[in-house]
Structure formats: structure tokens, C-alpha cells
Amino acid sequence: MTRSIVPIFAGGGTRLPAHLGVLKALELLNINFDHLVGVSGGSIIASFFASGMPLNEIKAIALKTNYHQFREFSLLKLIRHGGLSSGDEFERWVDKHLEGKTFAELNHKLHIVATDVTHGKPVIFDVERTPDMKVSQAVRFSMSIPLVFSFKPFGNSIMVDGSILSEDALHRDWDHHGTPVLCFRLRGEHEYDQLNVNGFFPIFNYVTLLIRTFMTTISREYINDSFWHNTIVINIGEYSAVDFKMTKEQKHELYKIGFQTAMEVIPIKISNQS
């Protein structure tokens, strides 16, 4: 039986291939959706799909892209702009693959969520609110992992990673028709490979440890009982959300984890929503 949902691809950082596996499962399970929501790493996959890009093409991009090109690691940028990397190279990369599309030019209705730390609330970018905005800019905002990418102003607000938000910011009536949401959350384990914080310039490894711990803690946040029925947790083990050296084999493993979890759990969640 064909069902309609609004999928939410939440978080993940550089572990985004897991969300791609979920999309493949949704296709095989014949789950329809006109609206989709992207947060942090999930916003990359969601935006590529919403632009009309075929799944196999998105997968090829995800597997071959060297994430290390987005990691500038400048102490000066950290001091002056709040992040080791500017994020500009990342935004250009997204814009290139989206061919400069705005929200009004997408094939699907995409909602991207970031966090406004100035006012402590979510900011939603979509065709209703920001039709002429480049999607790549919204993805840049949502993917702004604290201390990794420099903070970015938007009007009177400062945009950072959408993963910081509480769950109730995501579980809403996105299409205004009461279509049930299905939130895919990546859950990481604490990583045990040690980084040396000694030496002449320990600051880089220290900040990396801080970021890694912060992102892992967010992914393990308690899920409220009222949202459990439409949340699918994808356990991705010790893969780091800020691993810019991830190999093609590791990315493919994340894809398989996302796919297998979605294939097993989506039918159960859909059945419980009936």
C-alpha cells in the first residue's frame, strides 16, 4: 500500500551517506512525499534530491567527494569568526551541484532548518518564506557545526547548525495537510580513538575533541515519548560527525546502515501510524 509522509533527515555532519540510504529505502518501499525536511548533514542530501537529482548521481557525488577540501582549520578564523573554516568553499560546492537553484526552482518542497542563536529559536527556509533564496545558502546555515564553520549572520540573526534544536522544532505540520512526519535521526557512539592534546599547537586537536564530543552528545539526546512513534533512530556506531577524512568504503558502510535500518523499521512505523 502506497503511503505519504514528510521525511525529516536530521543531523549527521559528514555522516550524510546514511541519509542517502534512507532515501533509497523510501523509494523501494513505495513511500511518497512531496515535502521533505533537511537539518545539518541531512540538508545536503535533502537539497540534492529536491533539486531533481537522481539517487544514483547523489550517491556517486557523496562517495567520491573528498570532505577534506572543506576543512581549512585556520586559528585566525576561529578567533575572529568563531569557526576553524569559513564554510565558503562548502557553500560553493553545494551551489555548483544545485546549479544555483533557489527554493522556488526545486522539484520538491524543501524545508531547511537552522538555529538562530541570537534569539534561541529555529529558522525555516523554504518556498513559502524564502522563495528567491539560494538553497546552498540555507544548507550552509543548517550545516554550520559550531567551531567547525564560522558563524554566519542572516539579517539580525546568527545562524548555526540546526541539530542544536529541540525535537518539537521539527515535528510539525509541514505541508499544512496533516501528513505524518517520519524523522530519521543518526545516533552515534562515543569515539574512543585518542587525539594528542600535547605539543606546540594543541589547540586544533583540543577543539576537534570538543566538537566531536558535542556532536555525539546531541545525537544521543533523549527522544520525547510523544515523538517516538514517528522517529527512526539509525545507529551509526563510532563514525564521527566531523570526520573530514572519511574513506569511500566508510561512506558506503554508512549508506548500507541507513538503508538496512530504514528497510526494517519504516514498515513498522508506517503500520503503527495507521
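1. The model is predicted, so local features need pLDDT of at least 70 and side-chain atom pairs count only at pLDDT 80 or more, while totals for chains, interfaces and linings use all residues. Residues are numbered from 1 along each chain as its sequence is written, and side-chain values use heavy atoms, with hydrogens and water left out.

2. The neighbours of β2 come next, and two strands are said to pair if DSSP finds at least two bridges between them. Strand β11 (residues 181-187) pairs with β2 in the parallel sense over five bridges, and within β11 it is L182 that is the bridge partner of P7. Strand β4 (residues 35-39) also runs parallel to β2, and three bridges join these strands; here V37 of β4 stands opposite I8.

3. Turning to charged side chains, the structure holds five salt bridges, each being a side-chain nitrogen of Lys or Arg within 4 Å of a carboxyl oxygen of Asp or Glu. Side chains of opposite charge can pair when their charged atoms come close.

4. One of the salt bridges joins the side chains of K24 and E27, at 2.8 Å from N to O. These residues are three apart in helix α1 (residues 17-28), and therefore about one helical turn separates them. K24 is partly exposed at 26% relative accessibility, and E27 is also partly exposed, at 46%.

5. Another salt bridge links K256 and E253, whose side chains meet at 3.5 Å, N to O. Both lie in helix α9 (residues 248-273), where a spacing of three residues puts them about one helical turn apart. K256 is partly exposed at 35% relative accessibility, and E253 is partly exposed at 29%.

6. A further salt bridge forms between D126 and R129, with the closest N and O atoms 2.4 Å apart. D126 is buried, its relative accessible area being 0%, whereas R129 is partly exposed, with a relative accessible area of 46%.

Note on methods:
Helices (H or I, at least four residues) and strands (E, at least two) are DSSP runs, numbered from the N terminus. Buried means under 20% relative accessible area, exposed over 50%, partly exposed in between (1.4 Å probe, protein chains only).
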